[in-house]
Amino acid sequence: MPRTSFLPLLGGRLLMVLLAVLTAVIFVLDTITNFEIAVAVLYVAIVLIAVQHLGRRQVVMVAAGCMALTMLSFALTRTGSVASGLVNCAISLVAIAVTTTLALRAAAAEAAAREAQAQLAHITRVTMLGELTASIAHELNQPLAAIVLNGNAALRWLAGQPANLDEANKAAERIVRDAVRATDLIKRLRGLTKKAAGKAVRLDLNQTVTETLPLIQNEVSRHRAVLRTELADALPRVHADPVQVQQVILNLIVNALEAMKGEPQREVTVLTALGQPGEVLVSIHDSGRGLAAAQPDQIFDPFYTTKPDGMGMGLAISRSIVESHGGRIWAQAGVPRGSTFTFSLPAARERQ
Ligand SMILES: Nc1ncnc2c1ncn2[C@@H]1O[C@H](COP(=O)(O)OP(=O)(O)OP(=O)(O)O)[C@@H](O)[C@H]1O
Ligand SMILES: [Mg+2]
């Protein structure tokens, strides 16, 4: 059976109802038990759940509400020693305040770390691209300049009266030689990027997906989208570099979010499945505007973009990563709408 999770839905109405019921139960217990029993300390659980799913201001409001209810229970309780009640009430209030402060600080630190990680992924890509572009430009500049020079020379020899065919011929030969040099350089560069696969390890793709989603959760919330997973059980492991696989998943989810801008329904599903024998698949399905009929062939080309601020490198880099691991990547029209991007990675051989 596939495991399904609805991460952002937990932040919704269901969670609010759960919190309200828990709060009411604690309030009633705190009020009907005598002063010696500090039930109100349990409000820290409410605060801890709230920190996981709500914003900073809402958490502070929840904590303030819990503190107000603690004092109200103290005022309403009729049994037990008032002195013990006062001490227990104070302990509960301090516990709620301290827990709220510490939990909010921890949540802020975690959010900052995630942000930094997401930025790092972006910077790595931009840096890689910058370095690659600079080296291509540098290496190609020489043969291209020579081609222009010899082309001009050949034109001059041909334009002479009479035309000097011998010299024109020599210039044309130099043009061919430099063009071959440029082609060799490009071949070498392509080989270089193909070999750039990082440190490959035995990888559980379900785990990689699960660890990648928190990195993009902020972006998903910003697009007011829902991110779901459907992870197949008992998948064979693959042999791949986890950071590069994460990069591919992130690229595909970012594209999915961008394709759903302005759409009434914004839902991204990340699925894992068995593919052909010896092959594991990861699919990212979105409910976006979908691909134009002519697009699928071009979208993986470097610098192909339909976005005003796009670089057109996300899919090209993803394809280069997947192919360097011996896999494939392709796009299909989504059912019933949107599009589905799938990549495969070869399953690792089982250990003897
Ligand atoms: N999920 C999708 N739905 C519809 N179109 C898509 C989707 N993913 C990619 N595309 C199309 O493919 C093009 C290329 O995508 P790619 O990720 O390579 O570049 P980009 O997103 O435009 O820019 P960037 O380099 O910043 O990622 C996009 O501009 C878009 O037209
Ligand atoms: Mg992109």
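**Reading the fold**

Author: The protein has 8 helices and 8 strands. Helices (H or I, at least four residues) and strands (E, at least two) are DSSP runs, numbered from the N terminus. This is a predicted model: local features need pLDDT of at least 70, side-chain atom pairs count only at pLDDT 80 or more, and totals for chains, interfaces and linings use all residues. Residues are numbered from 1 along each chain as its sequence is written, while chains are lettered from A and ligands numbered from 1 in the order in which they are written.

Reader: What share of the 352 residues is buried?

Author: Buried residues make up 24%. Buried means 20 or more other C-beta atoms, placed from the backbone, within 10 Å of the residue's own.

Reader: How do I read a pair of packed helices?

Author: Two packed helices are described by the angle between their axes and the distance between the axes. Take H1 (residues 13-32) and H2 (residues 43-53): their axes come within 10 Å and cross at roughly 170°. Therefore H1 is roughly antiparallel to H2. Axes are lines fitted to C-alpha atoms over the stretch in contact, and angles run from 0 to 180 degrees between N-to-C directions. Over 145 degrees counts as roughly antiparallel.

Reader: Which residues make the contact?

Author: H1 supplies Leu-15, Leu-19, Leu-22, Thr-23 and Ile-26; H2 supplies Tyr-43, Ile-46, Ile-49, Ala-50 and His-53. Contact means C-beta atoms, placed from the backbone, within 7 Å. By class, 8 are nonpolar, 2 polar and none charged. Ala, Val, Leu, Ile, Met, Phe, Trp, Tyr, Cys and Pro count as nonpolar, Asp, Glu, Lys and Arg as charged, and the others, Gly among them, as polar.

Reader: And strands?

Author: Strands pair if DSSP finds at least two bridges between them. S5 (residues 267-274) and S6 (residues 279-286) run antiparallel, joined by 7 bridges. They form a hairpin with 4 residues between them, and Gly-278 in the turn has a positive phi of about 75°. S6 is also joined to S8 (residues 339-346) by 7 bridges, again antiparallel. His-285 links the picture: in S6, it is the bridge partner of Thr-269, and it stands opposite Thr-340 in S8.

Reader: Which residues come nearest to ligand 1?

Author: Ala-259, Thr-305, Gly-310, Gly-314 and Leu-315, of 21 around it. A residue is near if its C-beta atom, placed from the backbone, lies within 6 Å. H7 (242-259) and H8 (314-324) each supply at least two shell residues. H7 gives the most, with 4. The shell has 9 nonpolar, 10 polar and 2 charged residues.

Methods:
Angles under 35 degrees count as roughly parallel, over 145 as roughly antiparallel, 65 to 115 as roughly perpendicular and the rest as oblique. Two residues are in contact if their C-beta atoms, placed from the backbone, lie within 7 Å. A residue is buried if 20 or more other C-beta atoms lie within 10 Å of its own, exposed if 12 or fewer, and partly exposed in between; C-beta atoms are placed from the backbone.
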